[in-house]
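Trainee: Before we begin, could you take me through this model slowly, one topic at a time?

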Amino acid sequence: MYELTVLTKRNILIFIRDKVAVFFSFFSVIILLGLYILFLKNAYINDWLKTIYQPNEIDFFANSLLLSGILVINTVTLSLGNLGNIITDFEKKIINSFLVTPVKRFKIIFSHYLSSLIITYVFSLIMWLLAVLIVGFTTSIWYSLPVIIIISGLLLVFTFISTGLMIFITTFITSVNAFGAISGVLGTVIGFISGIYMPLSILPKAVQNISSLIPFTHMTALMKNYLLEPSFNLITLENKEEIILTIKETYNIGNIPIFNIEINMVWILLVSCFISFLFLGIATQRLSKKIGKK
């Protein structure tokens, strides 16, 4: 346990000290913010919404949609960014120094996973709490305490899922240069295919079916469901339930069918967690073999 704690602390400190690594971990988020400010916000705000909400309420609605995507993508880019230490250790042969110690290989690998999990969750939680303040002060509409707690809990689950998938992807990357290229575009690709940059409802049916197989699509949809709860409560029109249903269908909020089959979100998250845990096991095995070759 002591060895694992020391190795995890070492990985965390290496990541935090590398300002460039931290920056590129947020690179996809920066791209998303730029696209949103320049192009996407107006696409989300249509004339129909203006008949339902006041201007500040529309801003809250659009900001909540953006925030759901940013928080999900953040769990991907941050976890992958920190896992770049694995590639560096192999490329610079730092891993050799660990092989002359009695530390078991799985502890070396798991320390990278654990450090990525901790960093990703802490940074994501900080971003979420800052977003609560920014959205609240700019729109005068605040997320309720239960919503804040639920999103904080979901971020931990999403971080677990993302980190397991990202460490698996890392095992196929052999150089720091290749890692930089992949980490720079992965968040953008996920943003398009998961319905973050644009609603899935406007995409071809074939693309929607593919997107429904990706856990990040469902993670974003679930996040929207909670973040837009205050917006739903602001609706005062008589046909409130019908309006909410239309909004959910238009912006892919809540459960998204997988190939037109309705599956409870709880089961989707459980399966995603299982797959992530399975990928972590495979990644550990693959990296152990790489260490054995050194």
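**Confidence and fold**

Mentor: Among the elements of the protein, helix 6 (residues 95-99) has the lowest mean pLDDT, 63, while helix 8 (residues 145-170) has the highest, 92. Here pLDDT is the predictor's confidence in each residue, from 0 to 100, and helices (H or I, at least four residues) and strands (E, at least two) are DSSP runs numbered from the N terminus. This is a predicted model, in which local features need pLDDT of at least 70 and side-chain atom pairs count only at pLDDT 80 or more, whereas totals for chains, interfaces and linings use all residues. Residues are numbered from 1 along each chain as its sequence is written, and side-chain values use heavy atoms, with hydrogens and water left out.

Trainee: What pLDDT does the protein average?

Mentor: Where pLDDT is low, the predicted coordinates should not be read in detail. In this protein 85% of the residues score at least 70, and the average pLDDT is 81.

Trainee: How many helices are there in the protein?

Mentor: From the N terminus on, the elements run α-α-α-α-α-α-α-α-α-α-α-α-α-α. The protein has zero strands, and its helices number 14.

Trainee: Is Leu78 buried or exposed?

Mentor: Leu78 is found in helix 5 (residues 55-91). Buried means under 20% relative accessible area, exposed over 50%, and partly exposed in between (1.4 Å probe, protein chains only). Because its relative accessible area is 0%, Leu78 is buried.

Trainee: What distance separates the C-alpha atoms of Leu78 and Phe23?

Mentor: Leu78 and Phe23 lie 55 residues apart along the chain. Their C-alpha atoms are separated by 9.6 Å.
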